[in-house]
Amino acid sequence: MFQLFTPARTRGFLRATAAAVSLTSVLLTAGCGSSDESGGDAKAGAAVPAGFPVTIDNCGVKTTYDRPPSRVVTIHQHPAELMLALGLKDRLAGTAFPDSAVLPELKKDYESVPELAEREPSFETVLDAEPDLVYGGYGSAFDEKEGRSRKAFADAGIDTYLNREYCGEKRVTMKDTYDEIRTIGKIFGVPDRADELVADLEGRVGKAAGKVEGEPEVSVFVYDSGDKSAFTAGGKSLGTELIRLAGGENVFADLDDVFGDVSWEQVVARKPEVIAIYDYAGAGSVEEKKKFLLSQPALADVPAVRNKRFVVLPLTATLVGIRSAYAVEDLARGLHPESFR
């Protein structure tokens with residue numbers, strides 16, 4: 001039996017409480033770079049780019065950008081992938097805290113950017129990269145206790161942007177993903193790329209959802225982590241919407257939060273037909289999670305366990321970022337395999 005690791009609970013707490021295009025082809029105060037639709041480098045003294053200045057209200061922090069940021073540090077994987085999908089590799093000065101395998105289409109570009117830390121980097125490490133913007137994926141990117149508050153960066157003359165999932169709205173949907181992409185596109189002066197990327201992702205979701213339209217809903221239990229209790233996705237999570245779009249129903253959709261703990265007795269009582277396992281570093285491997293679920297006598301008669309029906313989703317696919325559209329197809333294939341034959 002593996003133990004419940006801190007990252008899952010930390011992430012869940014932050015999600016629940018923080019108030020704080022095509023794939024081939026974030027901030028507090030004004031950024032310093034310049035840009036055009038080709039993503040060219042900033043040039044000192046260059047004319048103000050078309051469409052600027054731009055004012056953005058991010059989690060209650062209003063920032064006016066005279067020009068796009070030119071050196072960005074991303075903390076957590078999904079902001080980096082979003083920027084790469086918008087063709088902004090040349091703007092990335094560093095990444096940190098990869099959660100899972102990078103999308104194959106982005107792997108080469110991702111690996112070309114310096115990795116500053118395996119987890120959240122220290123304030124000093126970020127400063128050493130000389131960014132004009134820090135783009136955080138989880139609320140922990142700007143952990144005040146760790147000296148990385150948004151105010152600390154602002155006092156150092158560095159802008160910050162926090163993924164909208166942590167802006168205190170409490171319910172996360174695919175619209176948040178599309179709005180996030182368009183906001184980043186606006187900040188970096190590439191709105192056309194953002195619109196193209198959104199259209200691509202909307203098409204991907206629509207195609208997968210269309211495949212399972214009319215099929216009976218399949219009941220799904222999300223297993224993030226935990227042994228004595230189960231840490232799962234609640235009704236306000238993006239995961240619940242992904243499951244719905246894929247032709248399923250989250251058995252804990254009535255959990256009035258983004259994430260939360262439930263008892264194994266509750267899992268047994270709700271008889272899920274499929275278990276969606278969230279895969280990320282620090283909470284046990286997928287194989288460990290499967291072994292744990294399959295070894296529990298109390299779960300033996302749960303249909304998903306009895307039939308060994310598991311769908312694995314990278315954690316990054318369940319966040320406000322480009323991967324969520326891919327997750328709909330992966331889930332749909334796992335829930336309704338006959339629709340994809």
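Colleague: What is the handedness of the link of Cys-59 and Cys-167?

Modeller: This is a predicted model, in which local features need pLDDT of at least 70, side-chain atom pairs count only at pLDDT 80 or more, and totals for chains, interfaces and linings use all residues. Residues are numbered from 1 along each chain as its sequence is written, and side-chain values use heavy atoms, with hydrogens and water left out. Cys-59 and Cys-167 form a disulfide (a pair of cysteine sulfur atoms within 2.5 Å), with their sulfur atoms 1.9 Å apart. The angle about the S-S bond is -70°, and the link of Cys-59 and Cys-167 is left-handed.

Colleague: How many residues apart in sequence are the parts that this pair ties together?

Modeller: Helices (H or I, at least four residues) and strands (E, at least two) are DSSP runs, numbered from the N terminus. Cys-59 belongs to the loop between β1 and β2 (61-65), whereas Cys-167 belongs to the loop between β7 and α6 (174-187). The pair therefore joins parts whose separation in sequence, in residues, is 108.

Colleague: Is Cys-167 buried or exposed?

Modeller: Buried means under 20% relative accessible area and exposed over 50%, with partly exposed in between (1.4 Å probe, protein chains only). Cys-59, with 17% relative accessibility, counts as buried. Because its relative accessibility is 18%, Cys-167 counts as buried.

Colleague: Which strands stand at the edges of the open sheet?

Modeller: The open sheet has five strands in the order β5-β4-β3-β6-β7, with parallel pairing; two strands pair if DSSP finds at least two bridges between them. Two of these strands each have a single partner, so one side of each is left without a neighbour in the sheet. The edge strands are β5 (115-117) and β7 (159-162).

Colleague: What is the bridge partner of Tyr-135 in β7?

Modeller: Strand β6 (residues 133-136) pairs with β7 in the parallel sense over four bridges. In β7, the bridge partner of Tyr-135 is Tyr-161.

Colleague: Where is Thr-95, and what is its relative accessible area?

Modeller: Thr-95 is placed in strand β4. Its contacts (heavy atoms within 4.5 Å) include Thr-74, Ala-80 and Tyr-110, not counting residues up to four places away in sequence. Thr-95 counts as buried because its relative accessible area is 2%.

Colleague: What is the omega of the peptide bond from Phe-52 to Pro-53?

Modeller: Pro-53 is found in the loop between α1 (6-17) and β1 (54-58). The peptide bond from Phe-52 to Pro-53 is cis, with omega near 5°.
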